[in-house]
Amino acid sequence: MQPGQKFREALKNSQPLIIPGTINAYSAKLAERAGHNAIYLSGSGVAAASYGLPDLGVTSMDDVLIDVKRITNATSLPLLVDIDTGWGESDQIAKTITEMGMAGCAAVHIEDQVFDKRCGHRPNKQLVSIKDMTDRLKTAIKSKIDDSFFVMARTDAIASEGVEGALKRCKAYIEEGADGIFLEAVTSIDQYKEFKDNFSIPVLANITEFGKTPLFTQNELKEVGVDMVLYPLTAFRAMSLSAEKIYNSIIKHGTQESLLDIMQTREELYEVLDYYNFEKQLDDKLSKK
C-alpha cells in the first residue's frame, strides 16, 4: 500500500486520527510501538532540533527532506510533513512535492503565509492572496507522483482576517482540490464547528502547547467534527526539558545515579532497535568469513 493510501485509511478508520510529532527516526519508532497510526514532522521541529534555529523560514526543503528520509526508513507509519510555503515559487513547489513523494512521505500541508513566514502562534503573520495560495495548491496537486498523496491546505487567516476570512479562503482552497484543511491558531472550539458546518472536508486541529489554541481534549474535538488532532512538538518539548535537567544535574551532583529512574534502560533501547537481531546477522556474516 502506498504511503498516501495508508494515511487515508488511517483517517477513514479513526475518529479522530491522532497524529503525534516525531522529531527523528527513533521517536517515530517509539510512536509506532505505542500504537499510533500516523506521525508528523514539524518544520519548527526540524529547525530547532536538527539545526538549532528558530522557526522563521530559515531551513530549506533539503534540510527537512533529510529528516523525512530518516523517518520513513525507520517506520511503516504514514508521515505527514510540514512544508511551510513550499519553499519558493511554482517550480520549487513542484520539486518539493515530487521529492517528498519519492522520500516515502504520505501527506503534506502547505500554508498561505508569505515566503518569509513566522510560527503560526506568533504575531505579525502576513498572508498571500487567495489566488496566490490556490496557485500553490494547483502546483502541488499537479506534481503528485501518486494520486493517493494527501495535500492539505493550512490557513493562518483566523489571526488577521477572522473566521469569516478563513472560511472564504478555505472555500477557494477546497475548490482547488485540497484534501484537507489545517486551521491554525484557533481560539475557540466553536470555530472548528463553524468550519465543519460549512464544509465536509477533513479538518485538522493543531493542539500545540503554549500557543493561541487551548488544549482541547480529543472528545471535545470529536464532538465538533474534527477529523485529525495534531500534537506537533509535545514529545520534543518533554525530551528537551528532561535533557536540560539532566545536563544541569550532572554538573551539580557529579553523578547520574539519581536520574536512572527517568531513563530508558539499555535493554529497552535494544528492544526498540531490534538490536540483538542485527547483532546476530553481523555474527553470522563474520562466521562465514
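These are my notebook entries on one predicted model, from the whole chain down to single residues.

**Ground rules.** I number residues from 1 along each chain as its sequence is written, and my side-chain values use heavy atoms, with hydrogens and water left out. Because this is a predicted model, I ask for pLDDT of at least 70 for local features and 80 or more for side-chain atom pairs, while totals for chains, interfaces and linings use all residues.

**Whole chain.** I counted twelve helices and eight strands; these are DSSP runs numbered from the N terminus, with helices as H or I of at least four residues and strands as E of at least two. The radius of gyration is 20 Å, close to the 19 Å from the globule rule for 289 residues, so the chain is as compact as a globular protein of that length. That radius is taken over C-alpha atoms, and the rule is 2.2 Å times the number of residues to the power 0.38. Along the principal axes, the C-alpha atoms fill a box of roughly 65 × 50 × 35 Å.

**Surface and contacts.** I found 47% of the 289 residues buried (buried is under 20% relative accessible area, exposed over 50%, partly exposed in between, with a 1.4 Å probe and protein chains only). The chain exposes about 14,800 Å², and carbon and sulfur atoms supply 50% of that; the areas come from the Shrake-Rupley method with a 1.4 Å probe, and for residues only the protein chains shown count as cover. Among contacts (heavy atoms within 4.5 Å) between residues at least 6 apart in sequence, 68% join residues at least 24 apart.

**Helix 2 against helix 4.** I looked up residues 25-34 and 61-74 next: these two helices pack at about 35°, with axes 8 Å apart. The axes are lines fitted to C-alpha atoms over the stretch in contact, and angles run from 0 to 180 degrees between N-to-C directions. On one side of the contact I see A25, A28 and K29 of helix 2, and on the other R70, I71 and A74 of helix 4. By class that gives four nonpolar, no polar and two charged residues (Ala, Val, Leu, Ile, Met, Phe, Trp, Tyr, Cys and Pro are nonpolar; Asp, Glu, Lys and Arg charged; the others, Gly among them, polar).

**T155.** I found this residue in strand 5, residues 150-155. T155 is buried, because its relative accessibility is 0%. Leaving out residues up to four places away in sequence, its contacts include D112, R169, Y173 and E184.

**P54.** This one sits in the loop between helix 3 (43-51) and helix 4. P54 has 46% relative accessibility, so I noted it as partly exposed. Its C-alpha atom is 9.9 Å from that of G43, eleven residues apart along the chain.
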